[in-house]
Amino acid sequence: MKFFILAYKNLKRRKSRSFLTIGGVAVAVAVLVALLGFNAGYQEALTSDVDKMGYQVIVTAKGCPYEAATMILSGEAGLRFMDEDIYNQITSDPDIDKITPLLAQLAYDPEKQGGKGGFINYLGIEKSYIELKPNVKFKSGGWFSAENANEAILGYEAAESEQKSVGDKISIPDKDITLIIVGIFERTATQEDGAVFLPLKTTQRVFDIEGKLTGIGIKLKQIEKISEFEERLYPIASIQVISMSQVKGTILNLVNSAKILIMSVAFIAIFVAIIGVINTILMSVFERTQEIGIMKAIGASRSDIFKLIWMETLIICTLGGIFGSVIAIFGGNLTELLVRKVMPYAPGGRLLLITPDLLVYSFLGVIIIGIISGLYPAFKAASMRPIEVIRSGE
Amino acid sequence: MREYIVKANKLKKVYFSASQKIIALKEIDIEIKKGEFVTIMGASGAGKTTFLNLIGCLDRPTSGKLDILGSNPTKFNEEKLSRIRIEKIGFVFEDFFLISFLNALENVQLPLIFARNYKNNNRPRDLLKRVGLDHRLTHFPNELSGGELQRVAVARALANNPEILLADEPTGNLDTKNAQELFSLFRNLNREEGLTIIVATHNIRLGYSADRVIHLNDGKMEKDERLVK
């Protein structure tokens with residue numbers, strides 16, 4: 001039997017109290033791990049989302065509010081249209097590597113989601129769209145047969161949720177038209193997985209917006225040239241240039257302000273856990289006044305008692321850390337679900353990124369908390385004088 | 001080899017409690033040799049416990065000289081006092097003072113932990129056998145009788161092979177039969193292992209079963225009897 005066993009046996013003696021305290025620590029750790037994991041995961045998911053878009057720059061109609069960039073990211077339409085001429089005008093710019101015109105449209109489908117209703121996102125594209133997006137591949141079928149064909153390509157999730165495959169027909173709500181599905185994209189883990197893609201010309205015709213675009217996606221030969229490129233576009237009064245890093249920044253800003261709020265909640269949880277640990281250990285020290293006195297009388301030194309009490313605190317915090325990490329890992333899906341409901345924009349892919357590093361750091365953090373919160377009770381216990389304790393027992 | 005285990009010279013202890021000054025020991029001189037079996041007798045408040053606490057390094061004297069096993073604990077700090085207690089002194093108390101959440105064997109192992117003596121694995125078991133409790137190793141204090149509790153406490157006191165065994169009213173909570181058995185255990189330990197034993201007791205009959213009886217009264221030594229057997 002060693003010190004550790006001695007400390008453990010004492011905690012076992014007061015099972016429910018020890019477990020409640022461990023639970024408190026576990027919750028604090030779980031909150032911390034989940035939040036930090038979310039922080040890392042969200043940034044990574046967002047970055048990968050933006051990178052997967054393939055564009056570095058989006059050109060939209062002027063007046064399209066800045067946040068509309070967010071809407072474009074999330075697959076919804078920009079608010080305003082621009083003339084197709086602008087596309088022809090800038091397509092010859094020497095810094096452009098790849099360029100593709102985009103026309104996004106939304107239509108409300110009362111049948112969607114099993115009758116609950118919802119928006120369907122239609123995206124008019126040209127072949128250059130695929131060239132710009134290296135990760136967009138066909139799961140089945142292929143490209144439209146003609147520029148003006150009544151055909152559609154479904155995003156992975158759109159096909160899944162509608163139970164459609166190549167050759168099936170779909171219609172657009174309130175439009176008198178039937179489209180044949182010619183292809184289905186593989187999962188890209190972006191918002192576009194839920195979109196219905198049509199040929200650009202077909203989209204313009206069906207939605208009665210001939211000669212208009214909502215955006216132009218551009219990849220530059222060198223991203224460093226972006227400011228020169230923007231300057232050249234400046235004279236075109238009716239458009240604005242939005243770089244993806246700007247979009248990222250805007251979204252991250254939104255997320256950051258939410259993060260500060262959540263972080264302060266986490267710190268309160270941790271603070272409460274610390275108080276709980278101190279209270280539990282201190283109570284047990286006071287209850288064991290006589291026992292500690294006996295141990296000292298039979299030869300335990302100050303440092304022995306200090307070590308013993310401290311070890312109890314560490315056991316509580318270590319177990320709390322382990323349980324908390326387990327909760328964070330397995331409860332991560334639930335957290336993700338909640339976050340997706342609350343966040344202004346949630347990128348595709350996993351939001352919660354719990355890395356071994358993160359777990360190790362949170363664990364170390366909790367051990368440090370244990371060390372700190374054990375100090376006072378341990379000091380208190382170690383300072384007890386055996387003679388007084390024995391006398392009070394008589 | 002040291003002849004004296006305890007050498008007290010003008011040993012004085014004063015307590016202050018609630019603005020009251022209590023002189024528990026009034027400059028007493030006592031010498032106890034190695035291998036002696038001594039009982040300290042006297043009424044309540046005579047200073048028996050105070051004397052045992054001082055030679056047991058649980059407390060420091062107010063004045064006077066004290067020599068325990070060749071060292072002077074008056075000047076030791078708490079850490080050093082606990083070192084002496086764990087290595088050289090075994091304690092037995094009236095209220096047994098066993099740790100309730102540890103079984104008999106673990107209670108006897110406890111001093112070994114504090115002494116960082118992890119090698120002597122069989123000693124606690126042997127000691128419990130020595131005090132006749134080898135069938136009670138895994139019993140917890142609340143499952144043991146008074147006599148058994150005190151014998152576990154004796155085994156615990158002997159765990160680190162001390163040079164002195166101190167017992168403060170060890171029979172106070174025992175019936176006559178168990179009290180007698182405890183004293184014959186002391187007697188055997190003293191004879192067979194040469195252990196120096198100092199026992200404070202009220203019990204006149206048991207007190208006189210020792211080799212030497214020191215009578216304290218009101219903090220002073222009244223009589224020092226050496227019994228010839």
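## Helix packing, strand pairing and a chain contact

Okay, let me start with a pair of helices: α2(A) and α11(A) cross in the right-handed sense. Helices (H or I, at least four residues) and strands (E, at least two) are DSSP runs, numbered from the N terminus.

Quick housekeeping before I go on. This is a predicted model, where local features need pLDDT of at least 70 and side-chain atom pairs count only at pLDDT 80 or more, whereas totals for chains, interfaces and linings use all residues. Residues are numbered from 1 along each chain as its sequence is written, and chains are lettered from A and ligands numbered from 1 in the order in which they are written.

Back to our pair. Two packed helices are described by the angle between their axes and the distance between the axes. For α2(A) and α11(A), the axes come within 7 Å and cross at roughly 45 degrees. That angle makes α2(A) oblique to α11(A). The axes are lines fitted to C-alpha atoms, for helices over the stretch in contact, and angles run from 0 to 180 degrees between N-to-C directions. Under 35 degrees counts as roughly parallel, over 145 as roughly antiparallel, 65 to 115 as roughly perpendicular, and the rest as oblique.

Who meets whom here? From α2(A) we have, among them, Val25(A), Val29(A) and Gly37(A), and across from them in α11(A) are residues including Leu319(A), Gly320(A) and Phe323(A). Contact means that the C-beta atoms of two residues, placed from the backbone, lie within 7 Å. Sorted by class, this contact has 15 nonpolar, seven polar and no charged residues. The classes go like this: Ala, Val, Leu, Ile, Met, Phe, Trp, Tyr, Cys and Pro are nonpolar, Asp, Glu, Lys and Arg are charged, and the others, Gly among them, are polar.

Helix α2(A), residues 15–52, also packs against α9(A), residues 244–287, at an angle of about 170 degrees with the axes 9 Å apart. That makes α2(A) roughly antiparallel to α9(A). Here the residues of the contact split into 22 nonpolar, seven polar and three charged.

Now some strands in chain A, with β8(A) as our reference. Two strands pair if DSSP finds at least two bridges between them. So which way do they run? Strand β5(A) pairs with β8(A) in the antiparallel sense over three bridges, and Gly141(A) sits opposite Gly183(A) of β8(A). Strand β6(A) goes parallel to β8(A) over four bridges, with Leu154(A) opposite Ile184(A). Strand β7(A) is antiparallel to β8(A) over three bridges, and Ser171(A) has Thr178(A) as its bridge partner. In the hairpin of β7(A) and β8(A), with six residues between the strands, Asp174(A) takes a positive phi near 65 degrees.

How do the chains touch? There are 21 residues of chain A in contact with 25 residues of chain B. On the chain A side, α1, α10, α11 and α14 each supply at least two residues, and α1(A) gives the most, with five. By class that side has 10 nonpolar, four polar and seven charged residues.

Over to chain B, which has seven helices and nine strands. Buried residues make up 48% of its 229 residues. A residue is buried if 20 or more other C-beta atoms lie within 10 Å of its own, exposed if 12 or fewer, and partly exposed in between, with C-beta atoms placed from the backbone.

Chain B has an open sheet of three strands in the order β2-β1-β4, with antiparallel pairing. Strands β2(B) and β4(B) stand at the edges with a single partner each, so one side of each has no neighbour in the sheet. The twist averages 20 degrees from one strand to the next. Strands β1(B) and β2(B) pair over 10 bridges, and Lys7(B) stands opposite Glu31(B) there. Helix α1(B) lies across β1, β2 and β4 of chain B, at about 120 degrees to β1(B).

Leu69(B) lies in the loop between β4 and α2 of chain B, with a positive phi of about 50 degrees although it is not a glycine.

Key:
Left-handed = near helix turned anticlockwise from the far one by under 90°.
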